[in-house]
2 protein chains.
Amino acid sequence: MAKVTQVSPLVVPLPPLGPVGGVRLGAAEAGIRYAGRRDLMMMVFPPGTTVAGVFTRNRCPGAPIDWCRAALQGGEARALVVNAGNANVFTGRAGVETVTATADAAAALAGCPPAQVFLASTGVIGEVLPAERITAALPALHGALTEDGWEDAARAIMTTDTFPKGSTRTATIGGVAVTINGIAKGSGMIAPDMATMLCFIATDAAIPAPALQAMLAEGIGPTFNSVTVDSDTSTSDTVLLFATGSAGNPPVPETGGAGLDDFRRALDEVLHDLALQVVRDGEGAQKLVRISVTGAASAPSARAIAFAIAHSPLVKTAIAGEDANWGRIVMAVGKSGEPADRDRLAIAVGGTWMARNGTVVPGYDEAPVVAHMKGQAVDIAVDIGLGEGAATVWTCDLTHGYIDINGSYRS
Amino acid sequence: MAKVTQVSPLVVPLPPLGPVGGVRLGAAEAGIRYAGRRDLMMMVFPPGTTVAGVFTRNRCPGAPIDWCRAALQGGEARALVVNAGNANVFTGRAGVETVTATADAAAALAGCPPAQVFLASTGVIGEVLPAERITAALPALHGALTEDGWEDAARAIMTTDTFPKGSTRTATIGGVAVTINGIAKGSGMIAPDMATMLCFIATDAAIPAPALQAMLAEGIGPTFNSVTVDSDTSTSDTVLLFATGSAGNPPVPETGGAGLDDFRRALDEVLHDLALQVVRDGEGAQKLVRISVTGAASAPSARAIAFAIAHSPLVKTAIAGEDANWGRIVMAVGKSGEPADRDRLAIAVGGTWMARNGTVVPGYDEAPVVAHMKGQAVDIAVDIGLGEGAATVWTCDLTHGYIDINGSYRS
């Protein structure tokens with residue numbers, strides 16, 4: 001189904017992902033959509049594993065999102081089942097039945113209530129996901145789980161990603177070393193409908209669910225919620241964080257606190273790393289673009305301005321053309337509707353200030369900017385000149401590759 | 001500067017545009033950016049001509065926008081000067097000086113105060129517009145104005161449009177026949193930075209400025225404010241409507257009223273016609289797309305949903321690929337953030353309902369939809385199933401042509 005494509009030029013190698021105490025995982029071929037590759041992934045966790053989750057804000061989410069939102073209320077997880085190739089979105093009652101059957105089957109294998117099974121699906125929208133393909137493959141998959149299955153898992157959740165995405169960090173909690181591993185899949189669409197962002201993170205730390213949820217919710221803001229490929233919001237976006245407690249760190253209060261500072265730092269690094277890997281594998285991406293806005297009326301205002309720039313097709317095509325077209329950045333700032341005064345606006349690309357106080361900088365030399373635009377990493381800085389609000393977002397350029405990938409027929 | 005391009009496949013021929021009583025107009029070569037073509041347009045109007053205007057909501061507007069907003073307070077117009085090739089945006093004090101010098105020169109020729117001169121500029125952002133090129137060309141241009149210059153005017157304001165845009169209608173006010181002529185230029189970008197939507201309409205009707213402004217403001221909503229090419233908002237968008245009074249219709253109250261019903265109908269037709277011509281000449285457009293949303297919680301909600309669909313790169317690339325990819329429409333509805341229930345949603349393309357009640361229609365036959373998608377006009381209907389809110393917007397598809405046009409270097 002998916003066309004063969006070149007690996008993104010912005011690829012980063014998958015780091016070695018060692019075991020995370022308590023986590024056993026693996027992948028299998030369920031034959032849901034892809035032939036000759038693993039498309040089903042399972043993780044199991046020991047009793048007492050806590051869980052946190054953040055989901056798409058799309059108002060038309062898939063059935064697995066509904067399931068996870070409900071399961072999250074319990075705060076405990078024993079299994080995760082993820083399939084690639086079919087998103088189980090807009091599938092009506094059949095979608096709910098598939099979710100229930102999958103959770104029941106996984107729960108029986110893991111020896112837990114179905115409400116402690118978490119689910120995610122990614123792939124085509126509007127086609128029924130046959131539960132029996134998953135439930136038929138689960139027993140053998142469950143029997144073969146190991147603590148070394150991270151790379152297999154990272155590859156099994158790919159749809160049209162051009163490279164597997166993983167990240168690992170260590171931290172200490174109360175003097176005890178803990179590990180955090182994360183894998184993600186992103187929006188490398190080839191067969192249309194196949195994009196969604198999924199991210200699964202596990203740690204052997206012992207952390208109560210409320211503290212875990214607070215850290216994840218806070219960590220998502222400047223990472224996964226600060227990246228955009230094309231402004232479109234998947235119906236299935238999911239980030240789940242599991243904490244097995246196998247590391248045996250001293251108890252952490254439900255409210256978290258300073259004892260988690262190092263863990264929070266490591267978690268934020270994993271989230272940042274994986275979010276940028278998703279952008280690096282954005283459809284047709286040739287350049288990774290960082291947009292930093294300062295001097296806005298407030299932080300939310302800075303964020304809205306940064307996203308107006310990051311979403312602008314005119315800005316993104318200019319970057320693809322290696323054209324430091326700051327007039328389009330002015331346009332995007334004004335389009336955001338946020339407080340801005342063109343006569344205080346300043347714009348830099350690659351550290352060279354091109355425009356200040358509402359006009360081009362006297363003696364502006366385009367040469368260093370032209371050189372910067374030819375690289376794979378493009379930095380745009382905008383100072384609004386009104387206040388203290390700041391925000392940074394990341395995106396990629398808009399290229400012919402995006403049109404090729406998304407304008408082709410589904411079949 | 002601009003590359004030679006093919007005329008849009010969605011071109012409509014320029015209709016014959018006859019005289020409008022009281023209006024004299026023409027075009028000249030001012031050599032601002034383009035070689036060998038007219039790039040300066042002037043209209044003059046008799047004393048007592050009323051004027052209405054609607055401008056971009058971009059927070060970083062060009063100097064001519066500031067000028068027109070101030071001039072509009074007087075409600076009277078005697079001249080209009082428009083140049084193509086340089087937008088006079090983000091030009092600081094130099095931009096204000098150019099505007100003032102241009103208005104002074106035109107006022108001297110037209111025999112009126114500068115505040116009765118209206119100005120618009122379209123083209124590159126951030127380069128100083130040399131006033132002397134305009135003021136040097138104006139006297140000869142003014143001396144050669146005729147009542148038959150409409151086509152010349154429509155061509156002179158083009159930047160990278162691939163065809164000139166005009167529309168004409170007649171109406172009666174109190175039994176007296178009046179004429180409305182309009183010209184517009186749109187967003188056929190070839191040299192980047194060159195897009196903006198300008199529209200100038202003139203009528204020989206006698207209508208007080210407040211009634212004129214109310215009709216224009218209302219008429220813009222379902223026309224120019226219901227079209228999008230790429231979601232980006234120009235810093236220079238301008239619609240101006242001039243009423244000379246030469247037709248000698250009976251007096252119209254300042255509040256308008258039922259006596260203007262036929263005029264309003266004709267004005268709305270001109271606005272609708274010109275707005276759709278702008279979309280038909282959108283960058284890289286191969287298909288004109290109409291998106292009708294019904295059953296939303298409110299009319300503004302329907303409009304927000306329709307624009308979420310019209311702005312979605314995934315929807316627009318699918319249309320370019322002639323792929324009736326309704327899963328992306330579901331995504332865009334949910335992305336809008338407006339009230340929606342996926343289990344009540346229904347989606348039709350070309351009149352064929354594909355999805356209803358949150359899942360694909362039983363026995364759905366894709367054949368008529370595939371045939372419809374191959375045409376130049378694509379109709380998408382979405383029923384939200386919640387209320388009575390309805391809205392219709394128009395856009396075009398997102399093609400390789402868009403990337404070619406906007407990803408090329410400025411020079």
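How much area do chain B and chain A bury between them? In this predicted model, the two chains bury about 5100 Å². Carbon and sulfur atoms account for 54% of that area. On the chain B side, B:Arg59, B:Phe90 and B:Arg342 supply 16% of the area buried against chain A. The contact draws 61 residues from chain B and 62 residues from chain A.

Between chain B and chain A the count is two salt bridges. One salt bridge joins A:Arg342 to B:Asp66, with the closest N and O atoms 2.4 Å apart.

Several helices of chain B take part. α8 (313–320), α9 (326–335) and α11 (400–406) each supply at least two residues of the side of chain B that touches chain A. The largest share comes from α9(B), with eight residues. By class, this side of chain B has 22 nonpolar, 23 polar and 16 charged residues.

One helix pair spans the two chains. The axes of α11 (residues 400–407) of chain A and α8(B) come within 8 Å and cross at roughly 70°. Angles of 65 to 115 degrees count as roughly perpendicular, so α11(A) and α8(B) are roughly perpendicular to each other. From α11(A), A:Tyr402, A:Ile403, A:Asn406 and A:Gly407 take part. They meet B:Pro313, B:Leu314, B:Thr317 and B:Ala318 of α8(B). This helix contact has five nonpolar, three polar and no charged residues.

How values were computed
Residues are numbered from 1 along each chain as its sequence is written. Chains are lettered from A and ligands numbered from 1 in the order in which they are written. This is a predicted model: local features need pLDDT of at least 70, side-chain atom pairs count only at pLDDT 80 or more; totals for chains, interfaces and linings use all residues. Side-chain values use heavy atoms; hydrogens and water are left out. Contact means heavy atoms within 4.5 Å. Buried area is the accessible area (1.4 Å probe) that two parts lose on being put together, summed over both. A salt bridge is a side-chain nitrogen of Lys or Arg within 4 Å of a carboxyl oxygen of Asp or Glu. Helices (H or I, at least four residues) and strands (E, at least two) are DSSP runs, numbered from the N terminus. Ala, Val, Leu, Ile, Met, Phe, Trp, Tyr, Cys and Pro count as nonpolar, Asp, Glu, Lys and Arg as charged, and the others, Gly among them, as polar. Axes are lines fitted to C-alpha atoms, for helices over the stretch in contact, and angles run from 0 to 180 degrees between N-to-C directions. Angles under 35 degrees count as roughly parallel, over 145 as roughly antiparallel, 65 to 115 as roughly perpendicular and the rest as oblique.
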